[in-house]
Amino acid sequence: KRNLKIVTSGQAVPKPVVANQDLTAWLDTSDEWITSRTGIKERHLSDGENTADLATRAAKQALERAKWDPASLNLIIVATMTPEALMPSTAATVQGRIGATQAAAFDLSAACTGFVDALTVANQMLQNPQFQRILVIGAETMSKIIDWYDRTTAVLFGDGAGAVLVEATSEPIGILGVDLMTDGQQGPKLTAGQTVVTQKAPHPLTRLTPLKMDGRAVYKFATHEVPASINRALAQAQVPVTAVDHFILHQANARIIRQVAKRLGQPLVKFPQNIDHVGNTAAASEPLLLDEIIKKGQLKHGETIVLSGFGGGLTAATIILKY
Ligand code: ACO
C-alpha cells in the first residue's frame with residue numbers, strides 16, 4: 001500500500017496587513033458591510049513579493065520542520081491562478097530556489113479548487129514508486145489581478161501561500177475518497193486574466209483583464225455543489241458525515257461555510273476558519289488553514305478530515321483524508 005501522509009506544512013503571508021477600514025480610503029464601503037457579508041476583517045496584501053516568493057518561503061518552512069533535504073523531493077506541484085509568469089512555471093522557479101535538484105515541477109491551474117486537485121494528483125503520483133516525496137503548494141498574489149476600484153471584489157481577496165510535504169506510507173492513513181466536478185458552462189460567472197485577440201498581428205501586446213465575479217451565482221453554486229461533492233466523497237469513502245472531525249473548506253466567505261455546515265447537518269465548530277485575518281486567498285486558502293490548525297495542535301493523527309475547494313471553472317473538489 002502506498003498511502004498519502006502529510007508530514008509537515010508551512011506558510012507565508014506578505015507582511016502588510018490591510019484592515020477593512022483601510023479600504024475605505026478609496027472605496028465606498030465599510031467594515032460593517034464587509035464583516036457581515038463575508039466574515040473578513042483584514043488581509044495581507046503584498047508590497048513586492050510575488051507568487052514564487054511566497055511559495056518559496058512556505059516551502060522552506062515545511063522542509064525545515066520535516067528536516068528533509070530538498071534534493072530528496074521527487075515532484076513539486078504549485079496550485080495557483082496568479083502564477084509569477086506564464087513561463088517558467090512557478091513550480092520550476094521554486095524548484096530552482098530551494099535546490100530541489102531531483103524534482104520534477106509543474107503548476108496546476110484550477111482557481112480556488114487548485115490545492116485539492118493538486119493533492120489528488122500527488123496521491124496518484126505516489127502510486128508510482130519513483131515518486132516517494134512530493135511538495136504540494138497553493139500560492140497566490142491575488143492583489144495583482146484585482147481591480148482595486150471595484151468594491152464588489154476588492155474587499156474579498158488576500159495574498160499568501162501554504163505548503164505541505166507528502167510522502168508514501170504503508171500506515172493505514174491517507175486519501176479515502178475523492179470527488180472532482182466541473183461546470184464549465186458557468187465559467188463566465190468568475191473570470192480573471194483573460195487575454196483578448198481582436199486583430200491580426202502585428203498589434204500591441206494584449207493586456208490581462210482583472211477579476212470579475214457574479215457573486216450571487218458563485219454563492220448559489222458553492223452552497224449547492226460543495227455539500228453535494230462532500231456527500232459523494234463520503235459515500236465513496238464509506239465514512240458517515242458524523243465521523244468527520246474537521247471540515248477544511250475553501251475560505252471564500254463565512255456565510256458560505258455556515259450554509260454548507262447547515263446543509264450537512266454538522267456543527268460549525270467542526271469548520272475551522274481563518275478568513276477573518278487572511279480573506280480569500282484562492283488556491284492558498286486551504287493549505288494556509290491546514291497549516292494554522294496543525295501548528296495550533298488542533299489536528300491530530302488518525303483524525304478524519306474533509307478538504308473541499310470550489311471556485312472558478314466553475315469547479316468543486318473534495319478529499320476525505322485520514323490524517
Ligand atoms: N461595500 C459596500 N457595499 C457593497 C460592496 C462593498 N464592498 N459590494 C457590493 N455592495 C453593494 C452592492 O452594490 C449592492 O448595492 P445595491 O443593492 O444598491 O445594488 C449591495 O451591496 C448588495 O450587493 P450584493 O452583490 O447583492 O451583495 P450580496 O449580499 O450578494 O454579497 C457577496 C456579495 C459577499 C460577494 C456575495 O454575493 C457572496 O458571498 N458571493 C459568493 C461569492 C464569493 O464569496 N466569492 C469569493 C470569490 S470566488 C471563490 O473563491 C469561489
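Colleague: Which residues of α3 are buried?
Modeller: T51, A52, D53, L54, A55, T56, R57, A58, A59, A62 and L63. Buried means 20 or more other C-beta atoms within 10 Å of the residue's own; 12 or fewer is exposed, in between is partly exposed, and C-beta atoms are placed from the backbone. Helices (H or I, at least four residues) and strands (E, at least two) are DSSP runs, numbered from the N terminus.

Colleague: Where do the coordinates and numbering come from?
Modeller: This is a predicted model: local features need pLDDT of at least 70, side-chain atom pairs count only at pLDDT 80 or more, and totals for chains, interfaces and linings use all residues. Residues are numbered from 1 along each chain as its sequence is written.

Colleague: Back to α3. What covers its buried residues?
Modeller: The cover includes β1 (3-12), β4 (75-79), α4 (90-98), β6 (133-141) and β7 (159-169). Contact here means C-beta atoms, placed from the backbone, within 7 Å.

Colleague: How far does α3 reach, end to end?
Modeller: 23 Å from first C-alpha to last, for 16 residues (51-66). That is close to the 22 Å expected at 1.5 Å a residue. The expected span is 1.5 Å times one less than the number of residues. Just after the helix, K67 has a positive phi of about 55°.

Colleague: And α7, what span should it have, and why?
Modeller: It has 23 residues, so at 1.5 Å a residue it should span 33 Å. Its end C-alpha atoms are 32 Å apart, which agrees. Q238 follows α7, with a positive phi near 55°. The buried residues of α7 include F221, E225, P227 and I230.

Colleague: Which residues touch the most others in the largest nonpolar core?
Modeller: I76, I77, V136 and I137, out of 93 residues in that core. Helix α7 (residues 215-237) gives the largest share, 8 residues. A nonpolar core is a set of buried Ala, Val, Leu, Ile, Met, Phe, Trp, Tyr and Cys residues joined through C-beta atoms within 7 Å.

Colleague: What does I77 contact?
Modeller: A91, F106, L108, A118, V121, A122, I134 and V136, leaving aside neighbours within four places in sequence.

Colleague: New topic. Which residues does UniProt place as active site?
Modeller: The unreviewed UniProt entry places it at C112, H250 and N280. They span 169 residues in sequence, yet no two of their C-alpha atoms are more than 8.9 Å apart, so they gather at one spot. UniProt positions use the numbering here, feature names are shortened, and annotations may be inferred rather than shown by experiment.

Colleague: Is C112 buried or exposed?
Modeller: Buried, because 32 C-beta neighbours lie inside 10 Å. C112 is in the loop between β5 (104-108) and α5 (114-125). Its contacts beyond four places in sequence include H250, A282, S285 and F310.

Colleague: Where does N280 sit?
Modeller: In the loop between α9 (275-278) and α10 (285-295). N280 is buried too, with 23 other C-beta atoms within 10 Å. A284 is in that α9 to α10 loop as well, and A284 is buried with 38.

Terms used
Two residues are in contact if their C-beta atoms, placed from the backbone, lie within 7 Å.
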